[in-house]
Amino acid sequence: GERRVLPAAGLPIDAIGCAQKGVEIEKRLEIEKRVELVPIRGIRLRRAVMGTLLVAERPLCIAEIVEQLEANGVTTMPHLTRTPNRVVADLLAHQVRAGRAQKVGRATFILLPDSVSVSTRRRWRRWNEGRGDASNGFIR
């Protein structure tokens, strides 16, 4: 397969496609993680996931989104019985029903930017750029 790198994380992705082709994203050892992951949920998680899709400007598979979230130092709530991939998949399924995202393949989604107001896109992008703080609903 081709060799790509997640831009913000610098993590290699060995992929021919995404999850729909049975490709797994290479994960770093826990020891190599530079930051302790902060658990987020609700609107903070939605802003993080949708901001990741907005900045990517291309379809992303769920595994890529979860890797990017971890590269940004966040994850889903650890006490949940569902994996981070499942939580993100459920969140994106809701966004598809709301008309903000589109499923373009198995476990692969793209943002529909025209379905979201300019101010919401700005909040999503700002979260992803790390300019928020906890008082504004951001964790950085």
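Predicted model: local features only at pLDDT ≥ 70, side-chain atom pairs only at ≥ 80, totals over all residues.
View 1. Although Ala107 is not a glycine, its phi is positive, at about 60 degrees.

**View 2. Gly105 in strand E6.** Gly105 belongs to strand E6, which covers residues 101–105. With a relative accessible area of 23%, Gly105 is partly exposed. In sequence, Gly105 and Pro59 are 46 residues apart. In space, the C-alpha atoms of Gly105 and Pro59 are 9.0 Å apart.

**View 3. The chain as a whole, for orientation.** The chain contains four helices and seven strands. Read from the N terminus, its elements follow the order β-β-β-α-β-α-β-α-β-β-α. The chain has 140 residues, and buried residues make up 39% of them. Among contacts between residues at least 6 apart in sequence, 55% join residues at least 24 apart.

**View 4. Helix H1 against helix H2.** H1 spans residues 42–56 and H2 spans residues 62–71. Their axes come within 10 Å and cross at roughly 115 degrees. The two helices are therefore roughly perpendicular to each other. H1 passes H2 in a right-handed crossing. On the side of H1, the contact is made by Leu45, Ala48, Val49, Thr52 and Leu53. On the side of H2, Ile65, Gln68 and Leu69 take part. Sorted by type, the residues of this contact are six nonpolar, two polar and no charged.

View 5. Glu57 sits in the loop between H1 and strand E4, the latter made of residues 60–61. Glu57 is exposed, with a relative accessible area of 65%. Glu57 is not a glycine, yet it has a positive phi of about 55 degrees.

**View 6. Helix H2 against helix H3.** H2 also packs against H3, which spans residues 84–97. The angle between H2 and H3 is about 110 degrees, and their axes are 9 Å apart. That makes H2 roughly perpendicular to H3. The crossing of H2 past H3 is right-handed. H2 contributes Ile62, Ala63, Ile65, Val66 and Leu69 to the contact. H3 contributes Pro84, Asn85, Val88, Ala89 and Leu92. By type, the residues of the contact of H2 with H3 are nine nonpolar, one polar and no charged.

**View 7. Burial along helix H2.** H2 is mostly covered, with eight of its 10 residues buried. An α-helix has 3.6 residues a turn, so residues three or four places apart point the same way.

**View 8. Leu69 and its surroundings.** Neighbours within four places in sequence are left aside in this view. Leu69 is then in contact with Leu45, Ala48, Val49 and Thr52, and also with Val74 and Val88. In the packing of H2 on H1, Leu69 is one of the contact residues. Leu69 also belongs to the contact of H2 with H3.

**View 9. The largest nonpolar core.** The largest nonpolar core holds 25 residues. Val49, Ile62, Ile65, Leu69, Val88 and Leu92 touch the most other members. At least two residues of this core come from each of H1, H2, H3, strand E7 (108–111) and helix H4 (118–129). H1 gives the most to this core, with six residues.

View 10. Asn72 lies in the loop between H2 and strand E5, which is formed by residues 74–75. Asn72 is buried, with a relative accessible area of 17%. Between Asn72 and Thr52 there are 10.0 Å in space, C-alpha to C-alpha, and the two are 20 residues apart in sequence. Just after H2, Gly73 takes a positive phi of about 90 degrees.

Key
Residues numbered from 1 in each chain as written. Heavy atoms only, no water. Axes fitted to C-alpha atoms, helices over the stretch in contact; angles between N-to-C directions. Parallel < 35°, antiparallel > 145°, perpendicular 65-115°, else oblique. Left-handed = near helix turned anticlockwise from the far one by under 90°. Contact = heavy atoms within 4.5 Å. Nonpolar A, V, L, I, M, F, W, Y, C, P; charged D, E, K, R; others polar. Core = buried A, V, L, I, M, F, W, Y, C linked by side-chain atoms within 4.5 Å. Buried < 20%, exposed > 50% of the residue type's maximum accessible area, 1.4 Å probe, protein only.
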